Amino acid sequence: MRSCLETLLILFATCLECRGQDSVNQPKSFQSYEEDDAVTLDCKYNTTSQNPTLLWYRQNSHDSPPKYILRRHKFGDGDEAIEFKGRFHSRHDSTSRSVPLTIQNPRVSDSALYYCALQPTVTTGYSVLEQKPT
């Protein structure tokens, strides 16, 4: 039996809206895997674009910004960030409107929040950050 530290924990956003009726949906909000198992994170999308671009990001902690993992297009290969090449793979499936992310040989250090996004991504919210009183 593996210790708690050897269990890979993966969290990811359940839905990120991009613009209008364009959206992505990550059906599972929590997944746990053992090290060395292949991990596949689902991402389904809906868009009116004829050539959608989907991106994957990883955020290791709440106080760090998301890191770019890879980009996939309906037409063409896309690209990956150098630090994720080799173990992180994805392919764009326009028939099922999905772009699942597979992590080969996951490590404890892969425990993170994973985001799938439809480009162009749009962030909404306050233009000035406010700290809540304690």
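The legends below describe views of a predicted model. Residues are numbered from 1 along each chain as its sequence is written, and side-chain values use heavy atoms, leaving out hydrogens and water. In this predicted model, local features need pLDDT of at least 70 and side-chain atom pairs count only at pLDDT 80 or more, while totals for chains, interfaces and linings use all residues.

**View 1. Strands of the chain.** The chain has 12 strands and zero helices. Strands are DSSP runs of E with at least two residues, helices are runs of H or I with at least four, and both are numbered from the N terminus. The order from the N terminus on is β-β-β-β-β-β-β-β-β-β-β-β.

**View 2. Contacts and surface of the chain.** Of the contacts (heavy atoms within 4.5 Å) between residues at least 6 apart in sequence, 55% join residues at least 24 apart. Of the 134 residues, 34% are buried, meaning under 20% relative accessible area with a 1.4 Å probe, protein chains only.

**View 3. The disulfide of cysteine 43 and cysteine 116.** The chain has one disulfide, defined as a pair of cysteine sulfur atoms within 2.5 Å. Cysteine 43 is joined to cysteine 116 with an S to S distance of 1.9 Å. The link of cysteine 43 and cysteine 116 is left-handed, at -70 degrees about the S-S bond. Because cysteine 43 lies in the loop between strand S5 (39–41) and strand S6 (44–46) and cysteine 116 in strand S12 (residues 112–119), the pair ties together parts that are 73 residues apart in sequence.

**View 4. Burial of the two cysteines.** Cysteine 43 is buried at 1% relative accessibility, and cysteine 116 is buried at 0%.

Methods:
Buried < 20%, exposed > 50% of the residue type's maximum accessible area, 1.4 Å probe, protein only.
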